[in-house]
Amino acid sequence: QLSSYGYDRMRAENLLREANRVMPWEAQLDVANVGPNPEMANLVASMLSQLNLPLRVRANVMEPGALFAAWNDAAARRDRDMVLTSWSNGSFDPSEIVTPLLHSRGSRNYTGYANGRVDQTIESADTQADAAVRIAAYRELERTVVADAPWIFLLSPSEIYGVRPTECLNSWSPAADSTIMRVSNTVSPVG
């Protein structure tokens, strides 16, 4: 069981001071204009602006390519404030998420998060054949990362699908990576 982040105004103010933020801080939350992301960013910006801190947040909705270009460039990223993003993979293997996002040399480590113990755990788990040992390593990694808080983890969405047999989709089943691809159609008369 992981603990949640509690509200601590003094700690928030100290973290903002440590980051050398001039108050009041007019922050920008970058987000790709895909799916529910802009709505979530507006909601997060509104919630952050109501924290009774000298902080005002505005969502900056961008094309996905522009967002990734801005955040993949370490020098350009220093001039940016926050990003709301998500990550998924089709194999359900944690390595496809933690390696790019949380390893100090990860290709999508936008926060610059670096923890030698996390790097060692990722590298060890990635080469471990024993499933029980891998699971234990990733659980420990999860506890460490949540405690370090390189991000604020918002949600883990569930994919829900519904089909009607009368739509001739009896052979359809959801894909592991949530994609829906129409490869071929078989149409049968109804009735």
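Q: In which hand does α6 pass α7 in this model?

A: The model is a predicted one. In it, the crossing of α6 with α7 is left-handed.

Q: What describes two packed helices?

A: The description of two packed helices rests on the angle between their axes and the distance between the axes. Here, helix α6 covers residues 116–126 and helix α7 covers residues 131–148. Their axes come within 9 Å and cross at roughly 160°. Angles over 145 degrees count as roughly antiparallel, and therefore α6 is roughly antiparallel to α7.

Q: Which residues of α6 and α7 meet?

A: On the side of α6, the residues are Arg117, Val118, Thr121, Ile122, Ala125 and Asp126. They meet Arg134, Ala137, Tyr138, Glu140, Leu141, Thr144 and Val145 in α7. Sorted by class, this contact of α6 with α7 contains seven nonpolar, two polar and four charged residues.

Q: Which residues of helix α5 are buried, and against what do they pack?

A: A residue counts as buried when its relative accessible area is under 20%. In helix α5, residues 95–102, the buried residues are Ser95, Val98, Pro100, Leu101 and Leu102. These buried residues of α5 pack against both α6 and α7.

Q: Where is Leu53 placed, and why does it count as buried?

A: Leu53 lies in the loop between α2 (37–49) and β2 (55–62). Leu53 counts as buried because its relative accessibility is 12%, and the cut-off is under 20%.

Q: Which residues does Leu53 touch, not counting residues up to four places away in sequence?

A: With those residues left out, Leu53 touches Arg9, Ala12, Glu13 and Leu16. Consider Arg9: Leu53 and Arg9 are 44 residues apart along the chain, and their C-alpha atoms are separated by 7.5 Å.

Q: What percentage of the contacts in the chain between residues at least 6 apart in sequence join residues at least 24 apart?

A: Of those contacts, 58% join residues at least 24 apart.

Q: How many helices and strands does the chain have, and what pattern does it follow?

A: There are seven helices and three strands in the chain. Along the sequence, the pattern reads α-β-α-β-α-α-β-α-α-α.

Terms used:
Residues numbered from 1 in each chain as written. Predicted model: local features only at pLDDT ≥ 70, side-chain atom pairs only at ≥ 80, totals over all residues. Heavy atoms only, no water. Axes fitted to C-alpha atoms, helices over the stretch in contact; angles between N-to-C directions. Helix = DSSP H or I, 4+ residues; strand = E, 2+ residues; numbered from the N terminus. Parallel < 35°, antiparallel > 145°, perpendicular 65-115°, else oblique. Left-handed = near helix turned anticlockwise from the far one by under 90°. Contact = heavy atoms within 4.5 Å. Nonpolar A, V, L, I, M, F, W, Y, C, P; charged D, E, K, R; others polar. Buried < 20%, exposed > 50% of the residue type's maximum accessible area, 1.4 Å probe, protein only.
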